[in-house]
Amino acid sequence: MTGSEEPPSFRLAYVPGVTPSKWVRIWSERLPDVPLTLSAVSAAEAPGVLRGRGAEAGLVRLPMDRTDLSAIPLYTETTVVVVPKDHLVTAVEEVSVEDLADDIVLHPLDDTLEWEHPPGLPALERPATTEDAVELVAAGVGLLVVPLSLARLYHRKDLTYRTITGGVPESRVALAWPQEETTPDLVEEFIGIVRGRTVNSTRGRTPTPPQPKQKRADKGGAKGKPAAGRTGGKTAGKTGGKPVGKNARGGSGATKSGAKRGKPRRRP
């Protein structure tokens, strides 16, 4: 690398409600020399940030304008309704869209849910942001339907939420990046992390090459030399040239030379 070249880095945009900390930690463990910079953007801003190369990749919400962008859906969130703690719906664990028919349901301008027919009664004005809508719910102005992570992000002690059922739209979180990315290797690395690939995955980083196996030493010492205690003939049952086992006392297979000799007897 010459002095004019900048060291590699990776910029990751993320929208409210998404928590990238786990993936960032894995990145820092695998690529300690490549800093990862986080950039918080609104759901509406995210596509433009990626197209303008303000980030190499982004954790975004679908649906969105995917022109010139690639995206991998990661997970789908539960949809909930945010209500005051003294609201009637808190008496049950789940509510349906029909249960909200007589309530004012706020529809903020940055809503991430695509409604064909928003539930409940419309408010006189649409709040600018989801955070503003939460404040209005706390003031008793209406209710709010959002993905679960946003209900947790803007949680207040005087508010709670319940799962809403009945064909409501859901928000999907995805990893997106420009189709003509300038750092394809780093984008592929982050894709591998969010998909749970191991460090040696063939689609992630270059796997660690296998180490050559060390040759095992010959059990009998150097090649061509007999093992200790062998004399080149058949010495079954012997170690160090001495008989062992039954052969030690002239049993089966013992050599006569191993027996103690006495004086020869004279013939009469």
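Visitor: Hi! How many aromatic pairs does the structure hold?
Guide: Hello! The structure holds three aromatic pairs. Keep in mind that this is a predicted model.

Visitor: How do you describe a pair like that?
Guide: A pair of aromatic rings is described by the distance of the centres and the angle of the planes.

Visitor: OK, why is the pair of Phe10 and Trp27 called stacked?
Guide: Their ring centres are 4.8 Å apart and the planes meet at 25°, so the pair is stacked. The cut-off for stacked is planes under 30 degrees apart.

Visitor: And where in the chain are Phe10 and Trp27?
Guide: Phe10 is in strand β1 and Trp27 is in helix α1, 17 residues apart, and the pair links distant parts of the chain.

Visitor: Is Trp27 buried or exposed?
Guide: Trp27 counts as buried, because its relative accessibility is 1%. Phe10 is buried too, with a relative accessible area of 0%.

Visitor: What kind of pair do Trp27 and Phe190 form?
Guide: Trp27 and Phe190 form a tilted pair, with 6.1 Å from centre to centre and 50° between the planes. This pair also links distant parts of the chain, since Trp27 belongs to helix α1 and Phe190 to helix α5, 163 residues apart. Phe190 counts as buried, at 0% relative accessibility.

Visitor: Which residues form one aromatic cluster, then?
Guide: Phe10, Trp27 and Phe190 do.

Visitor: Nice. Which residues touch the most other members of the largest nonpolar core?
Guide: Those are Phe10, Leu12, Trp27, Leu175 and Phe190, in a core of 35 residues. The elements giving two or more residues to this core are β1, α1, α2, β3, β4, β10 (172-178) and α5.

Visitor: Which element gives the most to this core?
Guide: That is α5, with six residues. There is also a second, separate core of 13 residues, which includes Val81, Val89, Leu100 and Val105.

Visitor: Let's switch to helix α1. Which of its residues are buried?
Guide: Helix α1 covers residues 21-30, and its buried residues are Trp23, Val24, Ile26, Trp27 and Arg30. Seen down the axis of α1, they fall within an arc of 160°, so they line one face of the helix.

Visitor: What does the face turned away from the buried side carry?
Guide: That face of α1 carries the exposed residues Lys22 and Glu29.

Visitor: And what covers the buried residues of α1?
Guide: The cover includes the strands β1 (10-14), β2 (36-40), β3 and β4 (69-76), along with α5 (184-194).

Visitor: Is Glu56 buried or exposed?
Guide: Glu56 counts as buried, because its relative accessibility is 9%; the cut-off for buried is under 20%.

Visitor: With which side chain does the side chain of Glu56 make a polar contact?
Guide: With the side chain of Arg11, at 2.7 Å. Glu56 also touches other residues, including Ser9, Trp177, Pro178 and Val187.

Visitor: Last one, about the whole chain. How many helices and strands are there?
Guide: The chain has five helices and 12 strands. It has 268 residues, and 35% of them count as buried. The chain exposes about 18,000 Å², with carbon and sulfur atoms supplying 51% of that.

How values were computed
Residues are numbered from 1 along each chain as its sequence is written. This is a predicted model: local features need pLDDT of at least 70, side-chain atom pairs count only at pLDDT 80 or more; totals for chains, interfaces and linings use all residues. Side-chain values use heavy atoms; hydrogens and water are left out. Buried means under 20% relative accessible area, exposed over 50%, partly exposed in between (1.4 Å probe, protein chains only). A polar contact is a pair of N or O atoms within 3.5 Å; within protein, one must be able to donate a hydrogen and the other to accept it, and residues adjacent in sequence count only if both atoms are side-chain atoms. Contact means heavy atoms within 4.5 Å. Helices (H or I, at least four residues) and strands (E, at least two) are DSSP runs, numbered from the N terminus. Accessible areas come from the Shrake-Rupley method with a 1.4 Å probe; for residues, only the protein chains shown count as cover. The arc is that of the directions from the helix axis to the C-beta atoms. A nonpolar core is a set of buried Ala, Val, Leu, Ile, Met, Phe, Trp, Tyr and Cys residues joined through side-chain atoms within 4.5 Å. Rings of Phe, Tyr and Trp (its six-membered ring) pair if their centres lie within 6.5 Å; planes under 30 degrees apart count as stacked, over 60 as edge-to-face and the rest as tilted. Lists of a residue's contacts leave out its neighbours within four places in sequence.
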